Every structure is written in C-alpha cells, then in structure tokens.
Amino acid sequence: MNPYILTALLFGLGLGTTITFASSHWLLAWMGLEMNTLAIIPLMAQHHHPRAVEATTKYFLTQATAAAMLLFASATNAWLTGQWEIQQMTHPLPVTLITLALALKIGLAPVHSWLPEVLQGLDFATGLILSTWQKLAPFALLLQIQPANSIILVALGLASTLIGGWGGLNQTQLRKVLAYSSIAHLGWMILVLQFSPSLTLLTLLTYFVMTLSAFLVFKLNKSTNLNMLATSWAKAPAITALTPLILLSLGGLPPLTGFMPKWLILQELTKQDLAPTATIAAMSALLSLFFYLRLSYAMTLTMPPNTLAGTAPWRLQPSQFVLPLAVGTTTTLLLLPLTPAAVALLAL
C-alpha cells in the first residue's frame, strides 16, 4: 500500500477513536465510530484476496448494523428524555439497545459469530488492529453510559466467557483461536464493568499487551495453523521457548501476568455476592486454558515429520522490527508482581 494512503488511514483510525473519546453528544460519538470503521476497511481489503474481501464485507455489514442500532437508540433516547448527552442515559429502553449495539461492535456473545470469520480472513497486522484498537471506542462508550441493568451485562459476560472457551476447543486456525480468546476475555471485562470500571480498564490493557505478544509471535513465525507451529523451533528457538508462557498467560495461569485480571475480577464478583457467577466464570477459564495448552503442546512437544531443508532460518538476519515483541513479551510474563501498583494507579 502507498505509504501516504497508509498514513492517512492510520490517522483516520486514531482520529475516529479520539473523537469518540472526547464526545459528550451521541451524534459526535457515532461519527467517530463511523470514521473508525471506514478507515480500517481499506486496510482489511488491501491484499485483494477473496478471503480478505469476504472478511471486509462481513465486517462492514456488521458494523453498519451496529451503528444503525446505536443511532436509532440515541434518537429514541432524545425522543423520550429530550437530550443527547451520553452520560445522561436514564430510560432503560435506549440503554439496553445501545448496550446491545456496542456488544455487536466489539463481538460479545451471543452476537459474536462475525468475529472469528472476519479475523480468519485478515493478515496478522490488520487482525491485531481489529482485536485491540477497534475495541477502545466502544468500551469508552460502555464505560460512560454505565448501564444499570446488571442482568444484561452479567448474561453477556457469562455467555462470552463460555462461548469463547467452548468455541476455541476444536479450532486449528490460529486466527480463529485468537478470535475466540478475544471473545472470552471480553466476557471477563463485561462481567465486572458495572462494579469496578477501573478493573475493566486494567483487564482491557492487560489483554491488549498479551494479544500484541501473541499476534507478533505468530507473525514472526509465519504460522497460520496448528500444524505450522510444530516447525517454529527451527525458525526462532528462543521465541519458541517463550511462546508457551505467552499462551499460558492468556489462559490466566500464575505467576504470569494474565492471572492478575482474572484474580481481581473473581475477588470483585465475590464481594458483590455473585459467587455463582464467579464460579461459572472460573470454570469457563478452564475451557480457554485447554486450547492454549493445546497450542503450547503443538509448539514445544511435537516435531515435524522431516528435517527442514535449506539454511537454518535463525542464521539469517531478522527482517522484522522485534522491539514491540520484546516489550510485549516481557510485560506479558512479568507484570504480576506489580499488581498493587497497577490497581493503585487506576484507582487515582
């Protein structure tokens, strides 16, 4: 892609998210979300592959539907209450509609089915943007409206954690595994949204760091499915040794960083007298942990059926910028001891 066009599109992505962040009026927030969507569509379709075009079409239709729901709900709120302020949502009908519209935008269950199919048709760089940056603006709106209907949020959160874990069990495509991982992590964030917004923000940032590491590792290895992971030892031995730790951090095993948000969320749910909800969420984490362990097993404990021909890849100069991978991996593995500092920082 032309670097000037790429710069303009990335600027549009940043501007759309910033407009949504800064808006207090629903029309302005809707405009920011639309700018975000229109800026990423050319990035998704830049390879002109049928799968990429199909994924772009699905994404556009889904986001257009969610945007139409959002606009209808905000107009309904203005009709019922006479004002367009984001933080003055009082009527339950538009609040419920907007919550469902934002759930469709970020891919929460049960309106999640577009996310694995779209992510499967993209390259890792665009998929990383879709899994991280594109979730910021809808989450900013969710944090602002603070929907008081706890039943909807708890139902969406539990459904996402269960479907995210269950759906990833039989997947062999890494991008679909990462998509179901995203759905499960979003469920954890939504579960605690109404009780502790700062904890939701901490979980979101932690998920971004872990997902960044996972995407960059698979991009470095050029691995797109489970079988290709078995050959990664010949491409990057050091990364192959660290990748299972990244995957287990995504699964939430101590003493890795991914344990921190799950631990704090379960603690908060227990404080709110939601012990059954916390139990179901904790058990659903076992489903996610299974397919992370499956990826780790394929990467470290299996070998390809024959010896790789040609020059050993690790003897060649790395062709990719590896500093983000190094920073992301270190943070993914070593952030757990800093939990008190992170919680105190977000509580300010």
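Modeller: Before we start, a cavity here is a set of grid points where a 1.4 Å probe fits but cannot get out, and lining residues have an atom within 4 Å of a point. Also, this is a predicted model.

Colleague: Okay, which residues line the second largest cavity?

Modeller: Its lining is made up of Thr-161, Ala-184, His-185, Trp-188, Leu-250, Gly-251, Lys-262, Ser-284, Ala-285, Ser-288 and Tyr-292. Two or more of the lining residues come from each of α9 (174-192), α12 (237-251) and α14 (275-300).

Colleague: Which element gives the most to that lining?

Modeller: That's α14, with four residues.

Colleague: And how much space lies in there?

Modeller: About 60 Å³. By class, the lining has five nonpolar, five polar and one charged residues.

Colleague: What lines the largest cavity?

Modeller: Among them are Leu-33, Asn-36, Tyr-59, Gln-63, Lys-105, Trp-114 and Lys-135. The lining splits into six nonpolar, four polar and two charged residues. α2 supplies the largest share, three residues, and α3 (50-81) and α4 (92-106) each supply at least two.

Colleague: Switching topic: where does UniProt put the transmembrane regions?

Modeller: The unreviewed entry annotates several, including 60-80, 92-115 and 274-293.

Colleague: How much helix is there over 92-115?

Modeller: The model has 71% helix and 0% strand there, with the end C-alpha atoms 28 Å apart.

Colleague: What about 274-293?

Modeller: That span is 95% helix and 0% strand, and its end C-alpha atoms lie 29 Å apart.

Technical notes: Residues are numbered from 1 along each chain as its sequence is written. This is a predicted model: local features need pLDDT of at least 70, side-chain atom pairs count only at pLDDT 80 or more; totals for chains, interfaces and linings use all residues. Side-chain values use heavy atoms; hydrogens and water are left out. UniProt positions are given in the numbering used here, feature names are shortened, and annotations may be inferred rather than shown by experiment. On a 1 Å grid over the protein atoms alone, a cavity is a set of points where a 1.4 Å probe fits but cannot get out, and a pocket is an open set with protein on both sides within 12 Å along at least five of seven lines; lining residues have an atom within 4 Å of a point. Ala, Val, Leu, Ile, Met, Phe, Trp, Tyr, Cys and Pro count as nonpolar, Asp, Glu, Lys and Arg as charged, and the others, Gly among them, as polar. Grid points are joined across faces, edges and corners, and a volume is the space filled by probe spheres set on the points.
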